[in-house]
Amino acid sequence: MALDQSFVGRTYPPTPPYEVGREKIREFAEAIGDANPAYTDTEAAKALGHPEVIAPPTFVFAITFKAAGAVIEDPQLGLDYSRVVHGDQKFAYTRPVHAGDRLSVTSTIEAIKSLVGNDIVDIRGEVHDASGEHVVTAWTKLVSRAPEGA
């Protein structure tokens, strides 16, 4: 069953702040195999003009995808998460994420489409720091696959 188009534009409340830790950044950089010293060495990050180590660009996915959970779990939307696959991801940064940032995400449904029985939901996550300054916008595309034989 196609998702309700009236949900396009619906915005969910901001998430509680997530404090970005230096160790989490290091672990993430190691997991993706990126040895950029700005991710692990404060002095290397400062030499590049940053106040603290920075996170790899895709680090915020974990924060924004968790925030998208408000959309995914909205019973009124009716998205069947058991059929969902991650379709696409993109980011637009105002500035890098730094260790010590306290980030909140506000999720908005940007689009809902139905294509060959698949429901496609585009979610925009606006990430702001504790002072309310924009850090990054993340777009997540989720595809709820059509049931077998549909």
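Analyst: In this predicted model, the largest cavity holds about 40 Å³ of space, where a cavity is a set of points, on a 1 Å grid over the protein atoms alone, at which a 1.4 Å probe fits but cannot get out, and where the volume is the space filled by probe spheres set on points joined across faces, edges and corners. The structure has one cavity of 30 Å³ or more.

The lining, meaning residues with an atom within 4 Å of a point, consists of Thr64, Ala67, Ala68, Val105, Ser107, Ile123, Gly125, Ala138 and Thr140. H3, E3, E4 and E5 are the elements that each give two or more residues to this lining, and H3 gives the most, with three; these names follow DSSP runs numbered from the N terminus, with helices (H or I) of at least four residues and strands (E) of at least two. By class, the lining has five nonpolar, four polar and no charged residues, counting Ala, Val, Leu, Ile, Met, Phe, Trp, Tyr, Cys and Pro as nonpolar, Asp, Glu, Lys and Arg as charged, and the others, Gly among them, as polar.

The strands of the lining belong to an open, antiparallel sheet of five strands in the order E1-E3-E4-E5-E2, in which two strands pair if DSSP finds at least two bridges between them. Its edge strands, each pairing on one side only, are E1 (18–19) and E2 (84–93). Helix H3 (residues 61–72) packs on this sheet and touches E1, E2, E3, E4 and E5 (134–144), contact meaning heavy atoms within 4.5 Å. The direction of H3 makes about 55° with that of E3, taken between N-to-C directions on a scale from 0 to 180 degrees, with axes fitted to C-alpha atoms and, for helices, over the stretch in contact.

Strands E3 (residues 102–115) and E4 (residues 118–128) pair over 11 bridges in the antiparallel sense, and the lining residue Val105 stands opposite Val127 in E4. Further along, Ile112 has Val121 in E4 as its bridge partner, and the two strands form a hairpin with two residues between them, where Val116 in the turn has a positive phi of about 50°.

Residues are numbered from 1 along each chain as its sequence is written, and side-chain values use heavy atoms, with hydrogens and water left out. Local features need pLDDT of at least 70 and side-chain atom pairs count only at pLDDT 80 or more, while totals for chains, interfaces and linings use all residues.

Notes
On a 1 Å grid over the protein atoms alone, a cavity is a set of points where a 1.4 Å probe fits but cannot get out, and a pocket is an open set with protein on both sides within 12 Å along at least five of seven lines; lining residues have an atom within 4 Å of a point.
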